[in-house]
Amino acid sequence: MTSMIDGQGRHIDYLRISVTDRCNFRCHYCMPEKQTFLPHGDLLDYSEIALLANRFIAHGIRKIRLTGGEPLVRRDIQILLKELGGHVAAGRLDELTLTTNGSRLALFAPILAAAHFRRINVSLDSLNPETFRTITRGGDLAQVLEGIAAAAAQGIGIKINMVALKGENETELLAMAEFCAANGYDLSLIETMPLGEGVANRQDRYIAMDDFIAPLRERYALSPLAHRSSGPARYWNVAPLGLRLGLITPLSHNFCDDCNRLRLTTDGKIYMCLGSSMNVDFRKALREDGMAAVDILLQKALRLKPARHDFERQLADPELRLSRHMNATGG
Ligand code: SAM
């Protein structure tokens, strides 16, 4: 097997798999209310996703995150959860994890635990039921909180993902930090990224992380932690809460130098960078040309992985923005 070093000399060992572009929420910063989804025939089936994952693991992928869309809305997803969990049990993967909106977690918590998911990320932008419903365009906060508690009760570590939204959840950071600390959850804060067409108020909602966390700094002491996860967050301890806080700052502090990720979309494309439309299509190779062709394409993807994203210019200039929404590649 070949090495997983990209054209910039970075070691790639992390694969994010978007298992569906569909979602039961319509978070306003993520996609428009009326979104067109991929036709079912374009989607990789579970055996195809598993085949690609197996091959990438053989080449050196050690961490897989399932995302979407909402991964837990794809029919029979437990088949894939179990299949990939087998790689953790066999020591071929160090980590198998998931990003979810939490709405179906109460149902899936035992299945995830049995499939060796040891920690998951749950997106939760507000603890106020009304604000939550507005941001998600219809989501039920109580259902999500029940799901998070069910996953925690299975011994699954929880990290809450909160997107920083100017004028919308800015005043909620202290309550969210205290909620996470009280329950033993980590908290990661994410700057909004300029992805996708038809998303209203994009520029108005953007707030730089330093401004978003100012109220937290006034009340609590933040000190940097050496801890690193496999993702882009930089971690801080919030004392005396004892909260581990991750900051994901694609715009205000670029984090591309040590990017270790590839992203597989549900229709079989590998995106090498969230901030670029460049991709390599694996579906035909998988369906018609065989594994040797897959291996060649993987080397091509590694070679072409961009040095960095360009979100700053894309935020400022609508003409440069990517038409792809976050639900295609997942977070
Ligand atoms: N449905 C799952 C969920 O809600 O977590 C997984 C997919 S969702 C696209 C993954 C993450 O991307 C979520 O935490 C969401 O808040 C975040 N996200 C979506 N659009 C974004 C954007 N334009 N900028 C920053 N984060 C975004």
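**Notebook: loops, helices and a pocket**

I began with R137, which is partly exposed at a relative accessible area of 31%. By the cut-offs I used, buried means under 20% relative accessible area, exposed means over 50%, and partly exposed lies in between (1.4 Å probe, protein chains only). The model is a predicted one, in which local features need pLDDT of at least 70 and side-chain atom pairs count only at pLDDT 80 or more, while totals for chains, interfaces and linings use all residues. Residues are numbered from 1 along each chain as its sequence is written, and side-chain values use heavy atoms, with hydrogens and water left out.

**Entry 1: backbone in the loops**

I placed R137 in the loop between α4 (129-136) and α5 (141-153). Helices (H or I, at least four residues) and strands (E, at least two) are DSSP runs, numbered from the N terminus. The phi of R137 is near 55°, a positive value in a residue other than glycine.

I then turned to H116, in the loop between α3 (105-114) and β4 (119-123). H116 is not a glycine, yet its phi is positive, at about 70°. With a relative accessible area of 30%, H116 counts as partly exposed.

Which residues does a cis peptide bond join? I found that A239 and P240 are joined in this way, with omega at about 0°. P240 sits in the loop between β8 (234-239) and β9 (243-248).

**Entry 2: how the helices cross**

I looked up α1 against two partners. The axes of helix α1 (residues 46-59) and helix α11 (residues 291-304) come within 11 Å and cross at roughly 60°. Therefore α1 is oblique to α11. The axes are lines fitted to C-alpha atoms, for helices over the stretch in contact, and the angles run from 0 to 180 degrees between N-to-C directions. Angles under 35 degrees count as roughly parallel, over 145 as roughly antiparallel, 65 to 115 as roughly perpendicular and the rest as oblique. I noted that α1 passes α11 in a right-handed crossing. A crossing is right-handed if the near helix is turned clockwise from the far one by less than a right angle, and left-handed if anticlockwise.

For α1 and helix α2 (residues 77-89), I found axes that come within 10 Å and cross at roughly 20°. That angle makes α1 roughly parallel to α2. The crossing of α1 and α2 is right-handed.

I also took up α3 and α5, whose axes are 8 Å apart and which pack at an angle of about 15°. So α3 is roughly parallel to α5. I recorded their crossing as right-handed.

Is F132 buried or exposed? I found F132 buried, as its relative accessible area is 2%. F132 belongs to helix α4. From F132 to A106 I read 26 residues in sequence and 18 Å in space, C-alpha to C-alpha.

L189 lies in strand β6 (residues 186-191). With a relative accessible area of 0%, L189 is buried. L189 and R219 are 30 residues apart in sequence, and their C-alpha atoms are 17 Å apart in space.

I looked next at A175, in helix α6 (residues 173-183). A175 has 40% relative accessibility and so counts as partly exposed. Its C-alpha atom is separated by 7.8 Å from that of L127, which is 48 residues away along the chain.

K284 is in helix α10 (residues 283-289). I noted K284 as partly exposed, at 47% relative accessibility. K284 and R303 are 19 residues apart in sequence and 20 Å apart in space, C-alpha to C-alpha.

**Entry 3: the largest pocket**

What volume does the largest pocket have? I recorded about 310 Å³. A pocket is an open set of points on a 1 Å grid over the protein atoms alone, where a 1.4 Å probe fits, with protein on both sides within 12 Å along at least five of seven lines; lining residues have an atom within 4 Å of a point. Grid points are joined across faces, edges and corners, and a volume is the space filled by probe spheres set on the points.

The lining of the largest pocket has 17 residues, and L38, Y271, R324, H325 and A328 lie nearest its centre. I found that β11 (269-271) and α13 (326-329) are the elements that give two or more residues to this lining. By class, the lining has 5 nonpolar, 8 polar and 4 charged residues. Here Ala, Val, Leu, Ile, Met, Phe, Trp, Tyr, Cys and Pro count as nonpolar, Asp, Glu, Lys and Arg as charged, and the others, Gly among them, as polar.
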